[in-house]
Amino acid sequence: MFERRTAGVLLHPTSLPCSEFYSFNSDKNFFGTLGRDAYKFVDFIAEAGFSIWQMLPTGPTQNDMSPYQSISAHAGNPDLISLDWLVEQGWITFSESVNRNQTITDLRHIAATSFYEKLAGEQGAQLKENFERFCEEQDYWLNDFALFSAIRASRPNVSWVDWPAELRTREITSLQTIREELKAEIDQVVFEQFAFFSQWHALKKYANDRGIFLFGDMPIFVGHDSADVWAQQHYFCVDTHGNPLTVAGVPPDYFSETGQHWGNPHYNWEAMTADGFLWWQARLKTQLQLFDLIRIDHFRGFEAFWEIPAGSKDARAGKWVKAPGAALLRACFEAFPQLPLVAENLGLITEEVEALRREFNLPGMLVLQFGFDGNSNNPHLPHNHSRDEVIYTGTHDNDTTLGWYENLAENSRQLIKKYFFNSTEPMPWLLIEAALSSVGNMAIMPMQDLLELDGGHRMNMPGTTDKNWVWTFSWDQLDPGLAGDIRQLLTIYHRLG
């Protein structure tokens with residue numbers, strides 16, 4: 001994928017339209033699933049000639065809905081499960097009493113009951129065999145995640161650090177007891193993960209068969225209130241009570257004048273190094289089941305990470321601390337020789353970070369929106385691109401290209417116009433064509449740019465918690481001729497999938 005010219009679309013599955021019957025609820029705006037609209041989207045990008053579908057992390061989210069603060073580094077988001085798909089596959093049966101006004105959580109519980117009844121029947125033999133195989137293959141994370149989720153659901157709005165001491169410290173007898181007490185809740189979680197992975201693999205096969213590769217996103221850090229930290233506390237910098245000693249973030253940058261305080265606990269790199277980074281190998285094992293390519297979010301944290309004292313809410317109180325990135329990547333490539341990684345190398349990037357990236361031949365990222373600051377040496381400008389780069393008009397953290405352009409000062413707009421030979425091509429197509437014409441072997445466009453949407457449709461505004469991660473598009477926003485127009489451009493710039 002990195003040795004030929006390709007192009008793709010950035011769209012998180014939650015941003016898909018949702019036209020499914022069982023996903024309708026009058027009290028909530030529902031998001032995309034792995035059902036029929038996902039397949040329709042694959043058909044669209046295949047028709048347009050794209051070969052890559054990039055998305056954000058797909059793990060279960062917390063209340064803020066951020067895919068970068070998941071409660072698991074392995075599990076899938078149950079909100080992406082298509083109930084219609086389960087019905088069509090004959091896994092579940094909904095009775096006449098089920099109606100559209102039940103919550104999606106209620107519907108998933110009804111589905112789980114129907115699923116386990118199906119397993120117990122004579123006609124469920126093959127399904128039961130597949131289910132048991134899944135549980136066995138995913139044993140390295142599934143049991144801990146299911147138990148964590150069940151306990152968490154039984155104690156709403158309480159972090160695991162505030163659980164009773166015997167659960168917080170994972171006392172064996174107490175865990176055995178609560179597994180029995182919460183068996184129904186654990187079974188619910190396991191069903192949801194089986195449904196998610198089964199639907200994902202079916203969608204992935206459909207996409208791969210049409211020449212579309214799935215491009216995933218792996219956050220470098222994991223959430224503190226997660227199954228990963230609770231189950232393997234020795235791998236993280238937490239005290240005896242489970243509270244972080246230091247937390248992650250970044251210093252002031254393009255997105256925030258005061259930096260960003262993420263709150264994720266830092267890794268205990270000494271413990272991870274001691275066993276050859278087995279925790280990371282297990283994490284990559286799961287990601288490689290789901291994706292054909294993987295972006296490492298905040299790659300620079302492998303070279304040095306921004307360490308903020310746990311008691312400080314100000315990211316500016318942090319400092320850079322070295323990380324064993326080379327040893328980690330070496331162990332990962334020994335375990336997975338063809339590891340298809342892309343390094344997110346945006347922000348405050350030093351020569352040491354770039355040296356680490358190049359040592360392992362990892363493609364980096366360039367974002368055209370960052371290029372026009374008047375500095376001709378800016379690496380994001382097209383004339384400074386190189387083949388081993390993934391070129392973006394913007395990312396999920398940027399404004400849409402049209403929104404970005406509309407908010408530029410007039411002198412900046414004139415600078416862009418002069419750079420592109422006084423082109424009269426309107427935004428966002430001017431930047432889309434610049435990405436496609438770049439020498440960078442891979443070019444990615446957010447779906448919002450292909451739909452010519454303004455800043456009211458951005459996915460995320462870093463440093464804020466309001467109205468992020470909720471954008472969805474609708475099929476009526478697609479011009480009937482859009483796929484053909486894109487295919488023509490991909491042909492011109494030799495990026496046809």
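In this predicted model, asparagine 345 is placed in the loop that runs between strand 9 (341–343) and helix 13 (351–359). Because its relative accessibility is 9%, and the cut-off for a buried residue is under 20%, asparagine 345 counts as buried. When its neighbours within four places in sequence are set aside, the residues in contact with asparagine 345 are Glu354, Arg357, Gly364 and Met365. With methionine 365 there is also a polar contact, in which a polar atom of the side chain of asparagine 345 lies 2.8 Å from the backbone nitrogen of methionine 365.

Elsewhere in the chain, four strands form an open sheet in the order 5-4-7-8, and their pairing is antiparallel. The edges of this sheet are taken by strand 5 (260–265) and strand 8 (319–322), each of which pairs on one side only, while the twist from one strand to the next averages 50°. At one end of the order, strand 4 (residues 246–250) is joined to strand 5 by three bridges in the antiparallel sense, and glycine 249 has histidine 261, in strand 5, as its bridge partner.

Burial is also seen in helix 16 (residues 429–437), which is mostly covered, with seven of its nine residues buried. The buried residues of this helix are Trp429, Leu430, Leu431, Ile432, Ala434, Ala435 and Leu436. In an α-helix there are 3.6 residues a turn, so residues three or four places apart point the same way.

Methods: Residues are numbered from 1 along each chain as its sequence is written. This is a predicted model: local features need pLDDT of at least 70, side-chain atom pairs count only at pLDDT 80 or more; totals for chains, interfaces and linings use all residues. Side-chain values use heavy atoms; hydrogens and water are left out. Two strands pair if DSSP finds at least two bridges between them. Helices (H or I, at least four residues) and strands (E, at least two) are DSSP runs, numbered from the N terminus. Axes are lines fitted to C-alpha atoms, for helices over the stretch in contact, and angles run from 0 to 180 degrees between N-to-C directions. Buried means under 20% relative accessible area, exposed over 50%, partly exposed in between (1.4 Å probe, protein chains only). A polar contact is a pair of N or O atoms within 3.5 Å; within protein, one must be able to donate a hydrogen and the other to accept it, and residues adjacent in sequence count only if both atoms are side-chain atoms. Contact means heavy atoms within 4.5 Å.
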